[in-house]
Amino acid sequence: MQESRYLKDNLENIQRLMSIPALRNFETSNLSRLLLLSKMREYDPEETIIQEGDEDPWLYFLLEGSVRITKKDVEIGVITEIGDVFGEMRIIDSQSRSATVIALEPTVCLAINTAAKDRMVGKGDRDEQLDFLLLLYRIFAEFLSIRLRLTNEELIKANMILKALA
C-alpha cells in the first residue's frame, strides 16, 4: 500500500471530495474537516485493505478500481462504484471487522481515520462538529439501506430456489 500524508485543506482537495457522490451534500466547512482526517491510499491487485477481525479505525471511499468482500473466505460482494463506502460497520458498532476487503485491480481509496477526531479540535464550534458527524452517519445509513435492500433481494431469490428444489 502507498499512503499519502493527511490531506491539506485546499480548493483542489475539496473539489476532489465533491466529485464523490456521497459527499456532494457536505458544506465546504465539513469537507475541510474531512480532509484533516483523510489520506489517499493506493493498493495493488490482491492486496488486503481490511482484514476480518481487525480493529482499525479507517473508513474508505472507493475512488478508482474495485474490491472484493469476503467473510470466512466466502465472497459476499464486489464494490465497483466510484464513491461507494466500505468499512463503515466497524465505525458504527465498534466491533471488530466483520469481513475482509481485497483490491481486485489497482485501487485508490480515500481513507478516513475516524479515531483522529482530535485533529478537528479548534475547527468550528460544537454544533458544527455535530452537524459534520450527523452527515457522516447519514451517508452510512444511505449505503446500509442500499445494501440491505440488495441482501433482501438475494434472500428472496435463495428462498425461491429452495422452494423449487423441495
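These are my notebook entries on what I looked up in this predicted model.

**Ground rules.** I number residues from 1 along each chain as its sequence is written, and since this is a predicted model, local features need pLDDT of at least 70 and side-chain atom pairs count only at pLDDT 80 or more, while totals for chains, interfaces and linings use all residues. Side-chain values use heavy atoms, with hydrogens and water left out.

**Overall layout.** I began with the secondary structure and found 4 helices and 9 strands, where helices (H or I, at least four residues) and strands (E, at least two) are DSSP runs numbered from the N terminus. Read from the N terminus on, the elements follow the order β-α-α-β-β-β-β-β-β-α-β-β-α. The C-alpha atoms fill a box of roughly 65 × 35 × 30 Å, taken along the principal axes. Of the 166 residues, 41% count as buried; buried means under 20% relative accessible area, exposed over 50%, and partly exposed in between, with a 1.4 Å probe and protein chains only. I also looked at contacts, meaning heavy atoms within 4.5 Å: among those between residues at least 6 apart in sequence, 76% join residues at least 24 apart.

**Helix 1 against helix 2.** How do the axes of helix 1 and helix 2 cross? I noted that the axes of helix 1 (residues 11-18) and helix 2 (residues 28-36) come within 10 Å and cross at roughly 100°; such axes are lines fitted to C-alpha atoms, for helices over the stretch in contact, and the angles run from 0 to 180 degrees between N-to-C directions. The two helices are therefore roughly perpendicular to each other, on a scale where angles under 35 degrees count as roughly parallel, over 145 as roughly antiparallel, 65 to 115 as roughly perpendicular and the rest as oblique. On the helix 1 side the contact is made by Asn-13, Ile-14, Leu-17 and Met-18, and on the helix 2 side by Thr-28, Leu-31, Ser-32, Leu-34 and Leu-35. I sorted these residues into 6 nonpolar, 3 polar and no charged, with Ala, Val, Leu, Ile, Met, Phe, Trp, Tyr, Cys and Pro taken as nonpolar, Asp, Glu, Lys and Arg as charged, and the others, Gly among them, as polar. Helix 2 is mostly covered, with 7 of its 9 residues buried, and the buried ones are Asn-30, Leu-31, Ser-32, Arg-33, Leu-34, Leu-35 and Leu-36.

**Rings.** I found 1 aromatic pair in the structure, counting rings of Phe, Tyr and Trp (its six-membered ring) as paired if their centres lie within 6.5 Å, with planes under 30 degrees apart called stacked, over 60 edge-to-face and the rest tilted. The partners are Tyr-60 and Phe-86, stacked at 5.1 Å centre to centre with 10° between the planes. This pair links distant parts of the chain, as Tyr-60 is in strand 4 (residues 58-64) and Phe-86 in strand 7 (residues 85-86), 26 residues apart.

I then checked for charges over rings, which requires NZ of Lys or CZ of Arg within 6 Å of the ring centre and within 35 degrees of the ring normal. The charged end of Lys-39 sits over the ring of Tyr-6, 4.6 Å from its centre, and that of Arg-41 sits over the ring of Trp-58, 4.0 Å from its centre.

**Positive phi.** Ser-94 has a positive phi of about 60°, lies in the loop between helix 3 (88-93) and strand 8 (100-103), and is exposed, with a relative accessible area of 57%.

**Ala-116 and Asn-113.** Ala-116 lies in the loop between strand 9 (107-113) and helix 4 (126-165) and is buried at 5% relative accessibility. Not counting residues up to four places away in sequence, Ala-116 touches Tyr-6 and Leu-37. Asn-113 is in strand 9, counts as buried at 11% and, with neighbours within four places left aside, is in contact with Tyr-6, Leu-37, Pro-57 and Trp-58.
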